[in-house]
Amino acid sequence: MASKFLTLALALASLPFLSLAANVTCPTTPSPFPKAASFLKITTLPDPFVYLDGTTRVQTREEWYSCRQPEIMKMLQEYQYGYYPDRSLETVTATRSGKSLTVTVTLGSTKANIAATVSLPTSATKATPVGVVIAIGGIDNNAFLNKEMAVVTFDYSSVAADSNSKTGSFWTLYKGKDAGTLLAWAWGFHRVLDGLILQVPEIDSTKVGVTGCSRLGKAALAAGLFDTRITVTIPESAGIQGIGPYRYHALSGQDETLENSRSGAGWWSNAALGTFVNQMERLPFDAHTIAAAIAPRALVIDQGRSDPYVNSKGTAVVVYPAAKLVYDWLAAGPDIPTDSKTSKIAIALRDGGHCDNFGYANVAPYVQFIFSGTATTRNYADVSPWKLMPETYPWSSLVPK
């Protein structure tokens, strides 16, 4: 049994961002954060370029990265996910035996394990490492393996149970923390990536995708949000608390709302999100804000046009184009290399319903493009048969120059 044992002392801050530019002064983020009732109701998508003070607007790309993006990250933790643990306090070790990877996270005197399974294409070697897609839930491994990408899956339920029980590796270390299961699962993605870096040299850790479907797609979105090592985020059929809009929730599907998602699975998010129930129009963000905070890193969104549950139309014609405005603006900066001028956000609509296995083959060409530049003829901006709804993001004419 191969049991090479290494230790990774994580000295990184839990949420790495670009350092503050010397010539940028950030508006003060309210402290403490305002309560739900203090926000004005906004029926359209909130303007992502307006700070929480409600008046100051982002003027430059440097300001976005130095000020607004970090404020959005704090806001999303405050009002939806809960606060990400300080991972500089954790020590991560890993052991590998064939396809099995065991990651051990130590916090103080407490330890917790995460089990993962590594599937490699035949081309993967230490000398020629390949990109990897880390997934939770059942996926079509071959969709990625056939394109020379590795697939790593882990037991998300052992990281955090999909219930109010607060059991699993995350809660072993962070008992009593006001955090949602989506954040706990995102943390699991990141610790598995730590283990891969330690023990799987056949994987190129500069080419990392994260994916899952339905509630696990919401978790994959959170995983991409909270770790800048993630190259491409791949939420599938993710819906509310993921890439589906809180506002404009009834465009398709079964009308998934903040209210019924909190009622059915209140443990996905922190307590603060519940204070917006029956007043979700006071939320100072929507799904497009989450997507925009991932920029400029790649995001590809899979949705089935006939999904009977989540609001695929709302994601395609409201969230995607609103987030794309931010992606496009960031990609158009004067200091951006010519080969990076195309913003890395994509919509992958397909025939079919909720979490169809074809969803992975639907996004794989785009993931391959992000990893290796392999061209694809697929139009990853096509929202047909629907049409964009620019009236839902009326601030589009106010995007900074």
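Which residues of H8 are buried? In this predicted model, they are Ala-287, His-288, Thr-289, Ile-290, Ala-291, Ala-292, Ala-293 and Ile-294. The close-ups below start there.

**View 1. Helix H8 and what covers it.** Eight of the eight residues of H8 are buried, so this helix is largely enclosed by the rest of the structure. What's doing the covering? Look for helix H1 (61–81), H6, strand E8 (232–236), strand E9 (298–304) and helix H9 (312–331), which are among the elements over the buried residues of H8.

**View 2. Helices H5 and H6 crossing.** Two packed helices are described by the angle between their axes and the distance between the axes. Here, the axes of H5 (residues 181–199) and H6 (residues 215–225) come within 8 Å, and they cross at roughly 60 degrees. That angle makes H5 oblique to H6. As for handedness, the crossing of H5 and H6 is right-handed.

**View 3. Who touches whom between H5 and H6.** On the H5 side, the contact is made by Leu-182, Trp-185, Ala-186, Phe-189 and His-190. An α-helix has 3.6 residues a turn, so residues three or four places apart point the same way. On the H6 side, look for Arg-215, Leu-216, Lys-218, Ala-219, Ala-220, Ala-222 and Ala-223. Sorted by class, the contact of H5 with H6 has nine nonpolar residues, one polar and two charged.

**View 4. Ser-269 in its loop.** Ser-269 sits in the loop between helix H7 (258–265) and helix H8 (287–294). Is Ser-269 buried or exposed? Its relative accessibility is 6%, and because buried means under 20%, Ser-269 counts as buried. Its side chain makes a polar contact of 2.6 Å with the side chain of Arg-262. Setting aside neighbours within four places in sequence, Ser-269 is in contact with Gln-80, Ala-179, Gly-180, Gln-241 and Arg-262.

**View 5. Ser-372 in helix H10.** Now for another serine: Ser-372 is in H10, which covers residues 358–372. With 48% relative accessibility, Ser-372 counts as partly exposed. The side chain of Ser-372 is joined to that of Thr-374 by a polar contact of 2.9 Å. Ser-372 and Gly-180 are 192 residues apart along the chain, and their C-alpha atoms are separated by 34 Å.

Terms used:
Residues numbered from 1 in each chain as written. Predicted model: local features only at pLDDT ≥ 70, side-chain atom pairs only at ≥ 80, totals over all residues. Heavy atoms only, no water. Axes fitted to C-alpha atoms, helices over the stretch in contact; angles between N-to-C directions. Helix = DSSP H or I, 4+ residues; strand = E, 2+ residues; numbered from the N terminus. Parallel < 35°, antiparallel > 145°, perpendicular 65-115°, else oblique. Left-handed = near helix turned anticlockwise from the far one by under 90°. Contact = heavy atoms within 4.5 Å. Nonpolar A, V, L, I, M, F, W, Y, C, P; charged D, E, K, R; others polar. Buried < 20%, exposed > 50% of the residue type's maximum accessible area, 1.4 Å probe, protein only. Polar contact = N/O pair within 3.5 Å; in protein donor to acceptor, adjacent residues only side chain to side chain.
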